[in-house]
Amino acid sequence: MTQTKTRQPKVKYKSPKTSRRVVKEQAAQYSFAPMVLIPTEHPHIARKQSNNEPIVRGKGVTVRGIVEMTYRLQQTPQHIVEEWDPVLSLAEVFDALSYYHDHKQEIDAIIKANDEALERVRLLTEELDKERKHKPHLLKRAKLNA
């Protein structure tokens, strides 16, 4: 029995789209050490030792994220569980919301700091876009380096 090779058709891939570059506020710090969690009075919530932000224990989903999905995006806890089906349970979502109401000022401060950082990045990005429009040679250089 002889095997014949079939020729695969050549696939032409599109060049990657150029995306808006975002100015980072600080250098990213990556660690391969396991995440150290600090227990809380809530059974499903722990704090990351690195930045002290509360997360759902063992899931990595922040309490801030669940709060924003619930109150900003107007999603019900049941909808959040459906969206995060294998990851989050209804008990974990309700415990995160309970934690939020027990520590409202702290979580609101984290949300505010996150919003301020996003606003700074948005303003810096707009400023860079304006510079690129006024100085097209910078845009050419950016394309060549990408």
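A residue is called buried at under 20% relative accessible area, exposed at over 50% and partly exposed in between (1.4 Å probe, protein chains only). The model is predicted, so local features need pLDDT of at least 70 and side-chain atom pairs pLDDT 80 or more, whereas totals for chains, interfaces and linings use all residues. Residues are numbered from 1 along each chain as its sequence is written, and side-chain values use heavy atoms, without hydrogens or water.

Helix α3 (DSSP run of H or I, at least four residues) has 13 residues and reaches 18 Å from its first C-alpha to its last, close to the expected 18 Å (1.5 Å times one less than the number of residues). Buried residues of α3 include Val93, Ala96, Leu97, Tyr99 and Tyr100.

Three strands (E, at least two residues) form an open sheet of order β1-β2-β3 with antiparallel pairing (at least two DSSP bridges). Its edge strands are β1 (37–39) and β3 (54–56). Three bridges join β1 to β2 (residues 45–48), and Leu37 stands opposite Lys48 in β2. Helix α3 (residues 90–102) packs on the sheet, touching β2 and β3 (heavy atoms within 4.5 Å).

Helix α1 (residues 63–72) packs against α3 at about 95°, with the axes 9 Å apart; axes are lines fitted to C-alpha atoms over the stretch in contact, and angles run from 0 to 180 degrees between N-to-C directions. The two helices are therefore roughly perpendicular (65 to 115 degrees). In this contact, Val63, Ile66, Val67, Thr70 and Tyr71 of α1 meet residues of α3 including Val93, Leu97 and His101.

Methods:
Angles under 35 degrees count as roughly parallel, over 145 as roughly antiparallel, 65 to 115 as roughly perpendicular and the rest as oblique.
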